[in-house]
Amino acid sequence: MLVQILFYAFATVLMGSALGVILSRNPVHSALYLVLAFFTSAALWLLIEAEFLAIVLVLVYVGAVMVLFLFVVMMLDINVEEVRKGFTRHAWLGWLTVLALVAEIVGVVAVKQLGIDVTKAAVPVAADHSNTAELGKVLYTTYVYPFELAAVVLLVAIVAAIVLTMRKRQGLKLQDVGAQVATRREDRVRLVKMQAERRE
Amino acid sequence: MTETSFAQFLPALPEIYLVGAICALLMFDVFFGLKKPTRTASVALLLLLGGAVATLISADFGHRQVLFSGMYIADDLATLLKLASFLFVAIALFYSGEFLGRRKLQQGEYYVLVFTALLGVLVLTSAGSLLMVYIGVELLSLSLYALVAFDRENGVAAEAAMKYFVLGAIASGIMLYGMSLLYGLSGTLSLAGLATAFSGPNSLGLILGLAFLVVAVAFKFGAVPFHMWVPDVYQGAPTSVSLLVASVPKIASFAVAYRLLAEGLGEVSGTWTQMLSVLAVLSLLFGNLIAIAQTNLRRMLAYSAISNVGFILLGFVTGTGDGYEAALYFTLVYVMVVLGTFGAILLASREGFEADEIADYKGLSSRDPSLAFMVAVLMFSTAGIPPFVGFWAKLRIIESLVNVGHLWLSIIAVVMSVIGAFYYLRIVWVMYFDPPGDLPRGQPRLALRFVLGLNAAAALGLGLFPDVLLNVCQTVLHRG
């Protein structure tokens with residue numbers, strides 16, 4: 001009963017924040033609504049005992065992706081009017097997508113109603129059962145080979161990103177830390193001996 | 001939980017070694033390579049030779065071992081392809097050393113990206129699961145995208161890289177979708193599992209999933225109609241990168257096609273051989289016909305690659321061990337010859353003279369007789385003129401086609417290779433019978449010339465004794 005109440009509470013907040021993402025006029029508000037949506041969906045995942053996914057969602061999406069997203073939104077000067085220009089003209093495309101999505105949702109629900117066991121329900125596990133430990137075990141035994149190689153894929157991404165973007169531009173203003181540290185008083189301040197001037 | 005020991009992972013030594021080598025090379029470049037990039041180049045070559053040794057140490061000839069819960073297959077085919085990949089990449093790096101130095105591209109990261117691409121190839125040669133196929137393809141393609149864009153000042157290269165990247169990403173998506181369909185139908189990612197799951201009658205879902213997979217494989221091969229990226233990449237990328245894209249990834253594509261289609265879905269070969277035969281005929285047709293119209297040598301080689309891919313696919317169309325063997329033979333021979341051809345472009349090029357237009361080869365026989373002779377040998381071999389090795393490769397493919405009764409396909413293959421011979425021989429004509437004009441004379445570069453000579457000699461030698469490599473191919477595919 002409590003779980004159901006919690007589910008509906010979180011689901012309501014999720015729907016509300018999802019609407020907020022698309023309805024708010026300020027892009028920063030949209031991004032913040034999206035953060036809220038991620039938090040509430042993480043809570044929903046906790047309810048179905050997928051605690052690892054819930055934590056990862058908060059850490060990766062809220063902690064890393066959305067912060068980056070907010071940076072971009074705040075740094076770019078987005079002309080909202082320009083973005084909204086084609087809205088009504090392309091609305092039919094949106095409606096088409098909505099129709100397809102609704103049809104798919106109905107399809108999924110209808111299949112459940114037909115009684116065909118497409119997906120078997122998970123076997124309930126004890127309260128002290130740790131999803132994270134299980135994932136870790138599988139990841140470092142059965143899937144150790146693809147796991148390590150996925151790490152190499154990330155290494156490729158890092159190397160490629162650096163090599164393709166880092167460049168020594170002419171006339172770039174850079175700090176030379178060594179020169180800053182090695183500087184002496186004589187380089188910065190010049191003491192000049194001069195006669196005291198008499199006030200007129 | 002069973003006891004684990006390092007000896008258990010010995011068959012995977014080539015990959016483990018290469019990952020170590022990648023990290024070592026990154027560190028070496030930071031500490032010793034920044035001032036003198038040629039050092040990193042030499043170390044990279046040594047590491048590659050070490051990789052070939054590691055492959056030989058870990059090889060267990062005549063046995064098939066399965067590691068990492070079925071995700072890694074170590075057999076003779078994997079050993080042969082890994083040895084060939086290490087060797088071919090080493091030759092490619094050797095050919096491109098001077099070019100990279102001249103174009104100021106000789107940074108440590110170049111070699112690191114080449115190594116990661118090679119790692120992708122190695123992973124694909126021993127892929128035992130759809131997951132590994134995907135990760136291998138991503139490793140290989142991501143490294144190649146970055147390499148194509150490596151020369152940042154060059155707008156054409158950036159355009160080529162962008163096209164390659166966008167189309168490649170779409171192909172990866174298509175591949176994943178096909179894999180997800182197959183997984184949904186069979187409930188397993190392992191190729192051995194797929195083989196048992198799909199031994200019954202064909203379902204519509206299987207054909208759908210298979211179609212997506214075949215499209216993705218065709219894209220990686222560069223077969224018509226999924227070839228759009230090939231000419232732009234061959235022409236736009238730095239020559240050393242074109243050399244790389246043209247050579248070793250073909251081995252990987254063969255490995256993917258073999259592991260995925262022949263081993264994993266061999267039971268349902270009736271469905272995919274039809275798809276492949278359409279791709280093969282289109283590739284032969286468009287590749288050869290469009291190549292005739294090219295004035296840029298690298299673009300011509302791109303279309304030639306497309307037509308040669310058609311031949312490799314024809315080997316798979318047979319759906320028999322005989323055909324796979326012919327395809328393996330053709331792939332190895334083709335990669336070897338194409339390495340030499342691009343090596344010749346690199347040898348002919350110099351500061352301010354890229355030597356990638358066909359007109360740049362006018363009268364090469366009087367300007368640089370030995371280079372002209374080597375190019376002629378390589379062109380004769382690609383054209384498939386006896387006694388060069390390319391002839392035997394084409395012959396084996398056509399033979400295996402006729403054996404299973406694909407008469408029409410073999411006729412198309414023969415007609416198309418006759419048409420193809422025209423534009424290969426045109427290069428020879430230009431080199432020997434056109435006046436040189438005021439084009440520059442050849443440069444000595446003896447080491448490069450020597451290795452290129454060996455490469456051309458191999459094209460002739462393997463042609464005179466075709467059974468040597470053919471027997472190897474036969475043995476690794478267990479038909480002894």
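## Between the two chains

Across the interface of chain A and chain B, the rule finds 0 salt bridges, where a salt bridge is a side-chain nitrogen of Lys or Arg within 4 Å of a carboxyl oxygen of Asp or Glu. This is a predicted model, in which local features need pLDDT of at least 70 and side-chain atom pairs count only at pLDDT 80 or more, while totals for chains, interfaces and linings use all residues. Residues are numbered from 1 along each chain as its sequence is written, chains are lettered from A and ligands numbered from 1 in the order in which they are written, and side-chain values use heavy atoms, with hydrogens and water left out.

Polar contacts do turn up at this interface: 2 residue pairs, both at pLDDT 80 or more. A polar contact is a pair of N or O atoms within 3.5 Å; within protein, one must be able to donate a hydrogen and the other to accept it, and residues adjacent in sequence count only if both atoms are side-chain atoms. The side of chain A that touches chain B divides into 14 nonpolar, 3 polar and 1 charged residues (Ala, Val, Leu, Ile, Met, Phe, Trp, Tyr, Cys and Pro count as nonpolar, Asp, Glu, Lys and Arg as charged, and the others, Gly among them, as polar).

## How much area is buried

The contact (heavy atoms within 4.5 Å) takes 18 residues from chain A and 27 residues from chain B. Together the chains bury about 1,900 Å², with 84% of it on carbon and sulfur atoms; buried area is the accessible area (1.4 Å probe) that two parts lose on being put together, summed over both. In chain A, the residues that lose the most area to chain B are A:Y145, A:V156 and A:V163, which together make up 31% of what that side buries.

## Salt bridges within chain B

Over all chains, the count comes to 18 salt bridges. One of them joins the side chains of B:E15 and B:K82, at 3.0 Å from N to O. This pair links distant parts of the chain, with B:E15 in helix α1 (residues 13–33) and B:K82 in helix α3 (residues 76–102), 67 residues apart. Helices (H or I, at least four residues) and strands (E, at least two) are DSSP runs, numbered from the N terminus. Both B:E15 and B:K82 are buried; buried means under 20% relative accessible area, exposed over 50%, and partly exposed in between (1.4 Å probe, protein chains only).

B:R449 forms a salt bridge with B:D368, the closest N and O atoms being 2.8 Å apart. B:R449 lies in helix α19 (residues 446–464) and B:D368 in the loop between α15 (364–367) and α16 (369–383), so the pair ties together parts that are 81 residues apart in sequence. B:R449 and B:D368 are both buried. B:E263 sits in helix α11 (residues 248–264) and B:R64 in the loop between α2 (37–58) and β1 (65–67), 199 residues apart. B:E263 is partly exposed at 25% relative accessibility, and B:R64 is partly exposed at 45%. A network of salt bridges links B:R64, B:D75, B:R259 and B:E263.

## Aromatic pairs

A search of the whole structure finds 25 aromatic pairs over all chains. Rings of Phe, Tyr and Trp (its six-membered ring) pair if their centres lie within 6.5 Å; planes under 30 degrees apart count as stacked, over 60 as edge-to-face and the rest as tilted. B:Y110 and B:F150 form an edge-to-face pair, 5.3 Å centre to centre with 85 degrees between the planes. B:Y110 is in helix α4 (residues 108–125) and B:F150 in the loop between α5 (130–148) and α6 (155–186), 40 residues apart. Both B:Y110 and B:F150 are buried.

Ring pairs also link B:Y145, B:Y164, B:F165, B:F219 and B:W229 into a cluster.

## Backbone details worth a look

Most residues other than glycine have a negative phi, and most peptide bonds are trans. A cis peptide bond joins B:V224 and B:P225, with omega about 5 degrees, and B:P225 lies in the loop between α8 (204–221) and α9. Another cis peptide bond joins B:P386 and B:P387, where omega is also about 5 degrees.

B:F68 is buried, with a relative accessible area of 14%, whereas B:K104 counts as exposed at 68%.
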